[in-house]
Amino acid sequence: MQSNTSILPNFIVVGANKGGTTSIYHYLRQHPEVYLSPVKEPHYFSKDIDVDLFKREFAQNKLQDIEKYVNGDMSEEYHAAFIRDETQYRKLFKNVKGERAIGELSTSYLYSTVAASEIKKLVPICKIIICLRNPIDRAYSHYRMNLWTGNSNEFDFHKALLDDFNHDPKVWGNAHLYTEIGMYYQQVKRYLDAFGAENVKIIFTEDMKKNASGVIKELYNFIGVDSSFVADTSKQYNEVYTPKYKNLTWFLNKSGIRPLMKKFSPRFIKNIIVKALYKGKSDKGEIPAAAKQFLKEKLQADVTQLGLLLNKDLSNWLK
């Protein structure tokens, strides 16, 4: 029996990275009328991103044998892959069984300079969801995630920002792009220009934190499913811990030990390891003043432009 590869998404969550998109994914997929790709982030439309330039520590947690996966039952879910073949991408939706809203989520689509036009080419009628977070908080969360996963061993946030800002090559999967990912103006404008304001839903992470159920209800309305369905929004996903022993965390990831532990250890062992090696999720620490000032200076003009574009006062982002 041949797979149905004629089905494509009618909505896509395009980012931003560390903007609460993983929680959105899990809240949306609870709805019986919603189908989401079993690879949460296929990154197919970011065709300007060169996977050959990825650092090893960035690439190692991504699905590698994509062909085998999409030709199987896809019962196991993966966080991310970088799919480059259209047939493989289409197969992500072969298990759709009458759901009204069919979607995927890839955080690189907002940053990518070509993803909006590539989506428009393949899926001309498509709803776009964008989740924006205070770009200073976003950068710090991104940095903390890299400490948590061991993808960085620079323990001074200000120095990490400076090093990353001057990194070469400054590309997705090689540089962290702490500052650049938060420069939303052109990123958002590309989608408004391509799809029109009526087909682009912009939500803010701060609103998600205050009233997640209300925001998800708006999203259900936007993608055309029954908005009376009540999702369980009590859990926040993809939160990160701060390592107690940063060099050890970096070594475990760099050596490949941590990914093996994550894959094969029972849940109770993982919980013991997390408790031993990491601080509580609420222990985030303060953003150093020098780092905050650096980000304010780099982001101020962009935040002003974005506020004018969206007719929204975003000045609190720079306080």
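By the ring-pair rule, the count comes to 21 aromatic pairs. Here the rings of Phe, Tyr and Trp (its six-membered ring) pair if their centres lie within 6.5 Å, and planes under 30 degrees apart count as stacked, over 60 as edge-to-face and the rest as tilted. The structure is a predicted model, in which local features need pLDDT of at least 70 and side-chain atom pairs count only at pLDDT 80 or more, while totals for chains, interfaces and linings use all residues. Residues are numbered from 1 along each chain as its sequence is written, and side-chain values use heavy atoms, with hydrogens and water left out.

## Aromatic rings

A pair of aromatic rings is described by the distance of the centres and the angle of the planes. Two of the pairs are set out below.

| Ring pair | Distance of centres | Angle of planes | Class |
|---|---|---|---|
| Tyr44 and Tyr89 | 4.7 Å | 20° | stacked |
| Phe54 and Phe58 | 4.9 Å | 80° | edge-to-face |

Why does the pair of Tyr44 and Tyr89 tie together parts that are 45 residues apart in sequence? Tyr44 lies in the loop between β3 (39–41) and α2 (56–59), whereas Tyr89 belongs to helix α4 (residues 86–91), so the pair links these two parts. Helices (H or I, at least four residues) and strands (E, at least two) are DSSP runs, numbered from the N terminus.

Burial is judged by relative accessible area: buried means under 20%, exposed over 50%, and partly exposed in between (1.4 Å probe, protein chains only). Tyr44 has a relative accessibility of 4% and therefore counts as buried; Tyr89 is buried as well, with a value of 0%. In the other pair, Phe54 is buried at 13%, whereas Phe58 is partly exposed at 23%.

Ring pairs also link Tyr35, Tyr44, Phe45, Tyr89, Phe93 and Tyr109 into a cluster.

A charge sits over a ring if NZ of Lys or CZ of Arg is within 6 Å of the ring centre and within 35 degrees of the ring normal. Lys62 lies over the face of Phe58, at 3.9 Å from the ring centre, and Lys312 lies over the face of Phe204, at 4.7 Å from the ring centre.

## Nonpolar cores

A nonpolar core is a set of buried Ala, Val, Leu, Ile, Met, Phe, Trp, Tyr and Cys residues joined through side-chain atoms within 4.5 Å. Which members of the largest nonpolar core touch the most other members? Among its 58 residues, they are Tyr89, Tyr109, Ile119 and Tyr191. Contact means heavy atoms within 4.5 Å. With neighbours within four places in sequence left aside, Ile119 is in contact with Ile12, Val14, Phe45, Tyr109, Pro124, Cys126, Tyr191 and Phe195. A second, separate core has 23 residues, including Tyr27, Ala101, Met208 and Ile223.

## Strand β6 and its partners

Five of the six residues of strand β6 (residues 127–132) are buried, and the strand is mostly covered. Two strands pair if DSSP finds at least two bridges between them. Strand β1 (residues 11–13) runs parallel to β6 and is joined to it by three bridges; Val13 stands opposite Ile129 in β6. Five bridges join β6 to strand β7 (residues 200–204), also in parallel, and Val200 in β7 is the bridge partner of Ile128.

Gln187 lies in helix α9 (residues 184–195) and is buried, with a relative accessible area of 4%. A polar atom of the Gln187 side chain lies 3.3 Å from the backbone oxygen of Glu180, and the backbone oxygen of Ile181 also lies 3.3 Å from a polar atom of that side chain. Beyond four places in sequence, Gln187 is in contact with Leu110, Tyr111, Glu180 and Ile181.

Leu314 lies in the segment after α15 (289–310) and is buried at 4% relative accessible area. The C-alpha atoms of Leu314 and Thr304, ten residues apart along the chain, are separated by 7.4 Å. Apart from neighbours within four places in sequence, Leu314 is in contact with Phe204, Val303, Leu306 and Gly307.

Ala212 lies in helix α11 (residues 212–223) and is buried, with a relative accessible area of 12%. Ala212 and Ser23 are 189 residues apart in sequence, yet 9.4 Å apart in space, C-alpha to C-alpha. Not counting residues up to four places away in sequence, Ala212 touches Tyr27, Asp207 and Thr233.

Note on methods: A polar contact is a pair of N or O atoms within 3.5 Å; within protein, one must be able to donate a hydrogen and the other to accept it, and residues adjacent in sequence count only if both atoms are side-chain atoms.
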